[in-house]
Amino acid sequence: MANAWEERKKALENEYFHKKENELLDKMKHDAQETLIQGCCKGRCPKCGDEIEPMTFRGVPLDKCPSCGGIWLGPNDLKMLAEKDHRTWFDRWFHAEQEETTDQEV
Ligand SMILES: [Zn+2]
């Protein structure tokens with residue numbers, strides 16, 4: 001009977017290592033995929049995939065996509081722009097958005 005127990009123990013050990021190996025393989029696959037995605041998407045437009053170009057708007061550095069015209073703002077960029085002259089462009093943009101909404105409701 002001793003051999004049967006030894007075999008069972010070995011089988012359980014093998015199962016454990018097999019599971020651990022699979023987990024490690026899955027993690028490696030996931031990491032490789034993430035690296036690939038990050039490598040492909042870095043500096044690319046999330047909307048159309050074209051290469052984004054740096055630009056400066058009112059002294060604030062932004063990223064612009066030449067294909068679809070999308071503009072990306074950093075965490076402080078919108079705040080910086082709003083603080084620069086909030087009574088002009090920001091207000092106009094904000095009110096234009098509100099008017100658009102009102103038009104749609106009528
Ligand atoms: Zn784009």
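Residue numbers start from 1 along each chain as its sequence is written. Because the model is predicted, local features need pLDDT of at least 70 and side-chain atom pairs count only at pLDDT 80 or more, while totals for chains, interfaces and linings use all residues.

The chain has 3 helices and 3 strands, where helices (H or I, at least four residues) and strands (E, at least two) are DSSP runs numbered from the N terminus. Read from the N terminus on, the elements go α-β-β-β-α-α. As for contacts between residues at least 6 apart in sequence, 5% join residues at least 24 apart; two residues are in contact if their C-beta atoms, placed from the backbone, lie within 7 Å.

Helix H1 takes up residues 2–41. The number of buried residues in H1 is 0, so the helix lies largely in the open. After H1 comes Gly43, with a positive phi near 75°.

Next, the sheet. Its 3 strands form an open sheet in the order E1-E2-E3, with antiparallel pairing. E1 and E3 (71–72) stand at the edges with a single partner strand each, so one side of each has no neighbour in the sheet. Two strands pair if DSSP finds at least two bridges between them, and E1 (residues 53–57) pairs with E2 (residues 60–64) over 5 bridges in the antiparallel sense. Among the bridge partners, Glu53 goes with Lys64 and Met55 with Leu62. Of the 5 residues of E1, the number buried is 0, so this strand too lies largely in the open.

That leaves the turn. E1 and E2 make a hairpin with 2 residues between them, and Arg58 sits in the loop that joins these strands. Most residues other than glycine have a negative phi, yet Arg58, not a glycine, has a positive phi of about 50°. Arg58 is also exposed, with 10 other C-beta atoms within 10 Å.

Methods:
Buried ≥ 20, exposed ≤ 12 C-beta atoms within 10 Å, placed from the backbone. Expected span 1.5 Å × (residues − 1).
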